[in-house]
Protein chains: 2
Amino acid sequence: MTPHKGACLSFQPRIRKGAFFDASWRYGCRAFSVYNRTYISSTFSTPLEEYWKVTEDVAIWPVMGERQVEISGPDAADFVQFLTPRDMSRCMVGQCKYALITSAEGGILCDPIVLRLADDRFWLSTSDCDLELWAKGVAVHSPMRVAIRDAGVSVIQVQGPKSPRLMANLFGDRILDLKYYWLASMEFHGHALTVSRTGWSGEFGYEIYLGNHDQGDALFDALMQAGSECNVAPGAVSQARRIESGIMSWGVDMTPSENPYEVGLDRLVDLDGTPEFIGRAALLRLEGQPLEKRLVGMSIEGAALDPNEDPWPLTRNGETSGRLTSLAYSPRLETNIALGLVAAEHAALGTELVAGTWEGSRKARVCELPFLPKRQQGDARAS
Amino acid sequence: MTPHKGACLSFQPRIRKGAFFDASWRYGCRAFSVYNRTYISSTFSTPLEEYWKVTEDVAIWPVMGERQVEISGPDAADFVQFLTPRDMSRCMVGQCKYALITSAEGGILCDPIVLRLADDRFWLSTSDCDLELWAKGVAVHSPMRVAIRDAGVSVIQVQGPKSPRLMANLFGDRILDLKYYWLASMEFHGHALTVSRTGWSGEFGYEIYLGNHDQGDALFDALMQAGSECNVAPGAVSQARRIESGIMSWGVDMTPSENPYEVGLDRLVDLDGTPEFIGRAALLRLEGQPLEKRLVGMSIEGAALDPNEDPWPLTRNGETSGRLTSLAYSPRLETNIALGLVAAEHAALGTELVAGTWEGSRKARVCELPFLPKRQQGDARAS
């Protein structure tokens, strides 16, 4: 087993390009994946270079594949609540909440950030899952009065300790008042756009939602210019940084086959405070049961490994324990770090497992999450 | 505007590999796209070589991303009927039907082939759309007793005039009795697998659905060996051949924004014979109205063009008419051929339009579909 190097991406009109595709290409991005039937930039330079940018300076990452499903109408709040076990009654207008979307069986269908734009208007900023189709399917028989559509915006993330300075250079100092997990409307070249203080890096950061796709090029250039004094560079999300932060990637670290308890997201399930939602009966049943598996962090012994392309087998004493789902080499910890789903009896800190890797068997040791602290919170004016 | 050549595909564990990925790589496939969060092989050699294989000999195409959504249970037949405007009461056990899945607004959410495996068990063989999520969403409030899951099979297509010979070499002469759009259970290395006489090329052909993924390598090798006397080669679907055949690609030639009438699939809508289905009210309303746009075939003047990466604008007398969706150079017609969605008043045969292409403006002329006859039907013993 060796990494599949030298594969080309065949561009096809079935797959969309986001508002920042042309600028990404122009700034040198040549490695892509596909996310929600949309190209997603994977690396502009090297993962190592991009890691240091996002941890020490600021990186701008054209996400593109992250779609915003808009749910609006008189029953929008009730409908959003019906989709998630998180108590959404505390989500104010202007606020964002990380939430799980659960199946009737209690599995995790998606883990969007919910943005409340108005009393009766929400965006569900989705992971790589057709949440629009799910929401519309659920609405087929529902008496609730909602309209569901793709909001047609394209996302670019600005992440890293110097992101507040970059954002203030572009949008003015007012943006420094934006609190963690809140959103605001800003103006760019005469058009309104939405900004939230959220992101996928574990670092201080922002997401910008551009509705006017014709401005993709200009906004990318403006971000590069506003960040010139901060050593800005275009970059993909740093997989190493997000794994250090213990941030999961839906579709691999958690899927519809995992429930919220198994991946340690109990805090996103409120069985007492919330009215009926999809998956409630299943989660009530699961709540009292011992877990079969758990998501854990692991360090993997030995020299730096190329990232896994598939989940890798994990064993203990020769018996199947689970699978390693995400892996990266952490430049600060100077070791391979990983996330994985393992049998609950092997989830205790310090447990030794064996991972099947590109380089054969490697010792894996369960360790605490996050590997390194998240740094997203705090006062932007003080940063 | 120029084609984006030299882009790499970044392999990530979030995207699945089908049962035939390893064999595809081993047989030289280096160009991929993503289809239903699964890698799909795009070219093994060159589009021209692959075109002649599928039109004159036989090609084997590891589709991989085509997923089979299994719907089973006492109300499975009623549930499948509820998802589609096609009259499914005529679908016998062992038979396949091409069907549309419509939204509440009458838009085309998907265009699967429905396989009836048993009275109470169906597969919906889906295009690039999360049909499992849609079906499960619809089931949330439904009183119908169904189980919905991904069937966990992986598809490989065997297409071309010599496909019956290859298939008989591998499975025995009994397979030659399989009629067009019927399915049968065959045996490979002691395990049952399903074969249907369907495909995406417009040529004589078969699809093989492998449940035992460990046999992917062996089945690929066995197909290559069984076809050695027929000049077999591994190949992607030939875009040129499928456009010649007038076969649409969901996600570009038709999307949820098009209804069945606009893309000429009226025959798949039965408003009289079928009980309630999703989209019925909308389609009843649309049936009597003049069409706003239509799917057409077009020939594009001038030298061979690189295939489009995005829908291209179509104009007439300087005014927007619609978009060119799929394009290829046809080696037999010796011209560029295309599909597109145009204003209904520009859909008449012979209408001249202008397409914005890589090479600037090019004359486009509306022409009959299919460009060249489909050859899938007929007696396999006579072929």
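Mentor: Let's start with Gln157(A), which is found in strand 12 (residues 154-159) of chain A; strands (E, at least two residues) are DSSP runs, numbered from the N terminus. Bear in mind that this is a predicted model, where local features need pLDDT of at least 70, side-chain atom pairs count only at pLDDT 80 or more, and totals for chains, interfaces and linings use all residues. Residues are numbered from 1 along each chain as its sequence is written, chains are lettered from A and ligands numbered from 1 in the order in which they are written, and side-chain values use heavy atoms, with hydrogens and water left out.

Trainee: Why is Gln157(A) called buried?
Mentor: Buried means under 20% relative accessible area, exposed over 50%, and partly exposed in between (1.4 Å probe, protein chains only). Gln157(A) has 2%, so it counts as buried.

Trainee: What makes the link between the side chains of Gln157(A) and Glu207(A) a polar contact?
Mentor: You need a pair of N or O atoms within 3.5 Å; within protein, one must be able to donate a hydrogen and the other to accept it, and residues adjacent in sequence count only if both atoms are side-chain atoms. Here the distance is 2.9 Å. The Gln157(A) side chain also reaches the backbone nitrogen of Trp200(A), at 3.2 Å.

Trainee: Why is the pair of Phe11(B) and Tyr39(B) called edge-to-face?
Mentor: Rings of Phe, Tyr and Trp (its six-membered ring) pair if their centres lie within 6.5 Å; planes under 30 degrees apart count as stacked, over 60 as edge-to-face and the rest as tilted. These two have centres 4.9 Å apart and planes at 65°, so edge-to-face it is. Phe11(B) sits in a loop and Tyr39(B) in strand 3 of chain B, 28 residues apart.

Trainee: Are those two buried or exposed?
Mentor: Phe11(B) is at 12% relative accessibility, so it's buried. Tyr39(B) is at 0%, so that one's buried as well.

Trainee: What about chain A, which residues form an aromatic cluster there?
Mentor: Phe11(A), Phe21(A), Trp25(A), Phe32(A) and Tyr39(A).

Trainee: And how do you know that Arg30(A) lies over the face of Trp25(A)?
Mentor: The rule asks for NZ of Lys or CZ of Arg within 6 Å of the ring centre and within 35 degrees of the ring normal. Arg30(A) is at 3.7 Å from the ring centre. In chain B, the charged end of Arg30(B) sits over the ring of Trp25(B), 3.7 Å from its centre.

Technical notes: Helices (H or I, at least four residues) and strands (E, at least two) are DSSP runs, numbered from the N terminus.
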